[in-house]
Amino acid sequence: MPLRSLYFLPTTSTETSPLTELIKRLTTHYEPSILPQWSLRQRLFRSTRVPLSNDGDTTPPPARHLQIHSFPNTPDDSLVVITPSSSSTDPTTEPVTNIIALPAGQPTEDFTQLLLTRLGSLWQQRQLLAVVDGLAYEVGDFRVRAGELKQGVGGAQLVRGVVVEVAYLGQEEGLERAQTEEIITAFWDELGIKGARDFRGGKGGKEDDGLDNVRLWSRALMLKG
């Protein structure tokens, strides 16, 4: 699978949308081919840290996050990602991530309702994010996906910013991960978009192991504020 990086452009008080500016830069610098639109959804839960032991120990377990994702490249499955919270992990090590695939549709809805009802004392929903009708382009050896990231449901939705995925589709052999990331970074820098938070894949290796994309999006969608 192609390696990729993610960029998050927070919404500011300026009149120009980050998405409008990005598309303007793409069409000014390049001649992109339009690809099918895409969507993404995420529910984030945080553990309530209720003590699980019955032996009198009242020490709560480390906090964890549970995310339910639907990704454009896995339309038939929802992915459940469980990670320790940043406050309960060693920042110098890669946190252990557990990933479970669920069939999209009713099985995912049933699991969500289970968390919201019977397991509500253990997991508290923190945010609901979505990209709807995201834009996608092929620009030479790159695929660019971009869309407004909205929080909430219905009329109460709040635009948090624009999320951009840049994947490198080049066929050069022998490229290390760091070299590919440098190519993606150079492409992004050429666009001249400032103020983005960037997220990159795992360490080592030459290719995405199939789960790097999941880990990458999971980190990027842990919004603060």
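Why is helix α4 (residues 212-220) largely enclosed by the rest of the structure? Before selecting anything, note that this is a predicted model in which local features need pLDDT of at least 70 and side-chain atom pairs count only at pLDDT 80 or more, while totals for chains, interfaces and linings use all residues. Residues are numbered from 1 along each chain as its sequence is written, and side-chain values use heavy atoms, with hydrogens and water left out.

Begin with the whole protein, coloured by secondary structure: it has four helices and nine strands, where helices are DSSP runs of H or I with at least four residues and strands are runs of E with at least two, numbered from the N terminus. Their order from the N terminus is β-α-β-β-β-β-α-β-β-β-α-β-α. Of the 225 residues, 37% are buried, meaning under 20% relative accessible area with a 1.4 Å probe and protein chains only, whereas exposed means over 50% and partly exposed lies in between.

Now select residues 212-220, helix α4: seven of its nine residues are buried, so the rest of the structure largely encloses this helix. Those buried residues are D212, N213, V214, L216, W217, S218 and A220.

Next, select residues 177-191, helix α3, and display the side chains of its buried residues R177, T180, E181, I184, F187, W188 and L191. They cover an arc of only 120° around the axis, which puts them on the same side of α3; the arc is that of the directions from the helix axis to the C-beta atoms. Turn to the face away from this buried side to find the exposed residues E182, D189 and E190.
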